[in-house]
Amino acid sequence: RARFHASGHLLQGCGQADEAGDLVKCGSCPRRFHRECTKIPSGGAAFICPFCRDGGEATHEEKGNAKEAKAIVAKVRAAHAQIRLRSCNFYKKEKKCLRPFVPKDRLNKLMMQ
């Protein structure tokens, strides 16, 4: 199960679900760690997490989250396409009524989306 910091960022590596503490972000992936758990001084060089240092292997949970995120993005894109199609059909159908209120070039652009 994913653990999140009070800021909403996913915590990795330390096994602590503690909401307190300063977070440090990996310089090559979106993972964040408690600064105390990484034992790095503040203001130092860019931090590279152990996952990225050891070959960049994603955990099973992260692979599942990525797969789930891709599925959600695909659904959202399909919904957007449907909305664009419906909007375009609406503008074509109501062109005469909209003409006095919408500039001609804008109406033409809306009907072509």
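This is a predicted model: local features need pLDDT of at least 70, side-chain atom pairs count only at pLDDT 80 or more; totals for chains, interfaces and linings use all residues.
Me: How many aromatic pairs does the count come to, and how is a pair of aromatic rings described?

Reply: A pair of aromatic rings is described by the distance of the centres and the angle of the planes. In this structure the count comes to one aromatic pair, formed by F90 and Y91, whose ring centres lie 5.5 Å from each other with 65 degrees between the planes. The pair is edge-to-face, because planes over 60 degrees apart count as such.

Me: Which residues make up the largest nonpolar core?

Reply: In soluble globular proteins, nonpolar side chains tend to be buried together. Here the largest nonpolar core has six residues, namely V24, C26, C29, F33, F47 and C49. Of these, C26 is buried at 1% relative accessible area, and, leaving aside its neighbours within four places in sequence, C26 is in contact with R31, F47, I48, C49 and C52.

Me: How many disulfides does a search of the whole structure find?

Reply: The search finds zero disulfides. C88, a cysteine at 6% relative accessibility, counts as buried.

Me: Where is K93 placed, and is K93 buried or exposed?

Reply: K93 belongs to helix 3, which spans residues 60-93, and K93 is exposed, with a relative accessible area of 68%. The C-alpha atoms of K93 and M111 are separated by 9.5 Å, although these residues are 18 residues apart along the chain.

Definitions and conventions. Residues are numbered from 1 along each chain as its sequence is written. Side-chain values use heavy atoms; hydrogens and water are left out. Rings of Phe, Tyr and Trp (its six-membered ring) pair if their centres lie within 6.5 Å; planes under 30 degrees apart count as stacked, over 60 as edge-to-face and the rest as tilted. A disulfide is a pair of cysteine sulfur atoms within 2.5 Å. Buried means under 20% relative accessible area, exposed over 50%, partly exposed in between (1.4 Å probe, protein chains only). A nonpolar core is a set of buried Ala, Val, Leu, Ile, Met, Phe, Trp, Tyr and Cys residues joined through side-chain atoms within 4.5 Å. Contact means heavy atoms within 4.5 Å. Helices (H or I, at least four residues) and strands (E, at least two) are DSSP runs, numbered from the N terminus.
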